[in-house]
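Here is a short briefing on one protein model. Read it alongside the sequence and coordinates.

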Amino acid sequence: MTHDGALENSFNESRNADTQCGGCCTRITDLSVKAGTAPIIENVNLHFHCGEFSVITGPNGAGKSTLIKAIAGERAFTGEILFHRFKSHEKMRPKIGYVPQKHSFDPNAPLTVEDLFALCLSKRPRWLFRGPAVRKLALESLEAVKAAHLLSRKIGCLSGGELQRVFLSLALNPRPDILLLDEPVSGVDAAGLNIFYALISELRTKYDLSVVMISHDFHLSARYADRLIFFNKTVICEGPPAEMIKDERVNNFFFASL
């Protein structure tokens with residue numbers, strides 16, 4: 001999750017987010033990742049556009065999370081990941097928002113959502129920096145994901161969908177150019193799935209984000225995403241949902257047992 005920078009800078013970026021356009025495109029060329037000498041993913045070539053909602057799907061163990069971690073700078077790779085501005089093609093160093101597959105925190109800890117924001121967004125100890133700026137920043141971030149009502153709730157009392165929206169709001173601060181989501185709907189009930197997908201679709205339009213999400217839910221992905229990427233160690237096929245639904249390789253994986 002993005003939480004670097006001073007708190008006041010984060011607050012100012014959030015306040016001005018509606019007038020900013022990330023304009024960041026991501027070009028991946030011949031990307032490979034190994035564990036020792038064993039290849040995990042190989043020869044990946046992709047281009048993620050600003051304002052585009054892309055969903056990566058495929059079998060378990062296909063290396064989807066490894067790809068996301070490589071883009072986020074958390075995994076060594078060979079090949080090239082180039083971030084550039086949409087119009088000028090000038091190289092840039094983007095802000096990356098990242099919601100990992102697993103979160104390392106104690107659900108039984110007596111932390112509220114506001115406490116979590118204070119811990120993540122301040123480099124100083126939480127008890128030394130609990131002023132109105134923290135609360136205002138947390139509220140603005142939560143409002144972006146329609147979750148301001150959760151501010152005073154304890155983390156351990158949140159549903160799966162509520163918790164994911166809180167982590168999403170943290171990943172949006174400061175406002176990223178690229179939003180990476182590694183199976184964010186894992187553990188979310190059916191009622192929350194449509195809400196989450198619709199929210200992601202809305203955010204990528206509002207803030208001109210490149211959104212890259214891993215998901216196993218083909219039907220919802222096809223409904224909301226601009227592009228589907230079927231991945232198994234490398235890109236097997238990609239394209240608009242309407243085209244991917246007709247692809248024999250996708251059909252054999254998702255619909256052969258129906």
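This is a predicted model: local features need pLDDT of at least 70, side-chain atom pairs count only at pLDDT 80 or more; totals for chains, interfaces and linings use all residues.

**Helix H6**
- H6 covers residues 190-207, 18 residues in total.
- From first C-alpha to last, H6 reaches 26 Å, close to the 26 Å expected at 1.5 Å a residue.
- Its buried residues include the aromatics Phe196, Tyr197 and Tyr207.
- Leu193, Leu199, Ile200 and Leu203 are also among the buried residues of H6.
- Gly192, Ser201 and Arg204 are buried in H6 as well.
- An α-helix has 3.6 residues a turn, so residues three or four places apart point the same way.
- Aspartate 208 follows H6 and has a positive phi, near 55°.

**The sheet**
- An open sheet is built from 6 strands, in the order S5-S6-S7-S3-S8-S9, with mixed pairing.
- Its edge strands are S5 (96-99) and S9 (235-239), each of which pairs on one side only.
- From one strand to the next, the twist averages 15°.
- S5 and S6 run parallel and are joined by 4 bridges.
- Within that pair, glycine 97 has leucine 179 of S6 as its bridge partner.
- H2 packs on the sheet and touches S3, S5, S6, S7 and S8 (227-231).
- The direction of H2 makes about 150° with that of S5.
- H5 packs on the sheet too, touching S5 and S6.
- The direction of H5 makes about 160° with that of S5.

**Strand S8**
- Is S8 mostly covered or mostly exposed? It is mostly covered: 5 of its 5 residues are buried.
- Both faces are covered, with Arg227, Ile229 and Phe231 on one side and Leu228 and Phe230 on the other.
- S3 pairs with S8 in the parallel sense, over 4 bridges.
- Threonine 57 has phenylalanine 230 of S8 as its bridge partner.
- S8 and S9 run antiparallel and are joined by 4 bridges.
- Phenylalanine 230 stands opposite cysteine 237 in S9.
- S8 and S9 form a hairpin with 3 residues between them.
- Lysine 233, in the turn of that hairpin, has a positive phi of about 75°.

**Glycine 63 and helix H2**
- Glycine 63 lies in the loop between S3 and helix H2 (64-72).
- Why does glycine 63 count as buried? Its relative accessibility is 10%, and buried means under 20%.
- The C-alpha atoms of glycine 63 and isoleucine 41 are separated by 5.9 Å, though the two residues are 22 residues apart along the chain.
- Beyond its neighbours within four places in sequence, glycine 63 is in contact with Ile40, Ile41 and Phe231.
- Phe231 is itself one of the buried residues of S8.
- H2 is largely enclosed by the rest of the structure, because 7 of its 9 residues are buried.
- Those buried residues are Lys64, Ser65, Thr66, Leu67, Ile68, Ala70 and Ile71.
- Just after H2, glycine 73 takes a positive phi of about 85°.

Methods:
Residues are numbered from 1 along each chain as its sequence is written. Side-chain values use heavy atoms; hydrogens and water are left out. Helices (H or I, at least four residues) and strands (E, at least two) are DSSP runs, numbered from the N terminus. The expected span of a helix is 1.5 Å times one less than its number of residues. Buried means under 20% relative accessible area, exposed over 50%, partly exposed in between (1.4 Å probe, protein chains only). Contact means heavy atoms within 4.5 Å. Two strands pair if DSSP finds at least two bridges between them. Axes are lines fitted to C-alpha atoms, for helices over the stretch in contact, and angles run from 0 to 180 degrees between N-to-C directions.
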